[in-house]
Amino acid sequence: MSRVLRRPPSPGVEWEYERLTIARDFSRSVVTKMLVERAEHGGWELDRVRVSPDGTRRVVLRRKIIRVRPTLFRPMA
């Protein structure tokens with residue numbers, strides 16, 4: 001299960017966060033491959049990992065929000 005969150009704007013860089021809950025049934029190598037896949041193809045980077053006593057991993061990924069600034073269109077005469 002994953003959720004994408006956006007934190008309120010702050011000066012400088014804005015980040016988008018995604019929270020993942022990974023069951024303990026997945027091996028460490030499988031989880032690593034899954035996170036590498038998200039990093040390479042989705043632009044995500046690892047922010048935080050918590051392993052609970054029952055073995056469930058709670059992972060928080062983040063990526064920069066890139067805002068496109070409008071430009072003035074000047075037709076050539």
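V49 faces V59 of strand 4 across the pairing. Keep in mind that this is a predicted model. The two strands involved are strand 3, covering residues 45-51, and strand 4, covering residues 57-64, and they run antiparallel with 6 bridges between them.

What links them? The hairpin of strand 3 and strand 4 has 5 residues between the strands. One of the residues to look at here is G55, which takes a positive phi near 95°. As a general point, side chains in a regular strand alternate between the two faces of the sheet.

## The largest pocket

V49 turns up again here. Along with V31, T32, L35 and L46, V49 is one of the residues nearest the centre of the largest pocket, which has a lining of 13 residues. Which elements give two or more residues to that lining? Helix 1 gives the most, with 6 residues.

As for volume, the largest pocket comes to about 180 Å³. And what sort of residues line it? By class, the count is 9 nonpolar, 3 charged and 1 polar.

## Rings and charges

How many aromatic pairs are there? The count comes to 0, going by ring centres within 6.5 Å. The ring of W15 does have a charge over it, though: the charged end of R62 sits there, 3.9 Å from the ring centre.

Definitions and conventions: Residues numbered from 1 in each chain as written. Predicted model: local features only at pLDDT ≥ 70, side-chain atom pairs only at ≥ 80, totals over all residues. Heavy atoms only, no water. Pairing = 2+ DSSP bridges. Helix = DSSP H or I, 4+ residues; strand = E, 2+ residues; numbered from the N terminus. 1 Å grid on protein atoms, 1.4 Å probe; cavity = no way out; pocket = protein on both sides within 12 Å on 5 of 7 lines; lining within 4 Å. Points joined across faces, edges and corners; volume = space filled by probe spheres on them. Nonpolar A, V, L, I, M, F, W, Y, C, P; charged D, E, K, R; others polar. Phe/Tyr/Trp six-rings, centres within 6.5 Å; stacked < 30°, edge-to-face > 60°. Lys NZ or Arg CZ within 6 Å of the ring centre and 35° of its normal.
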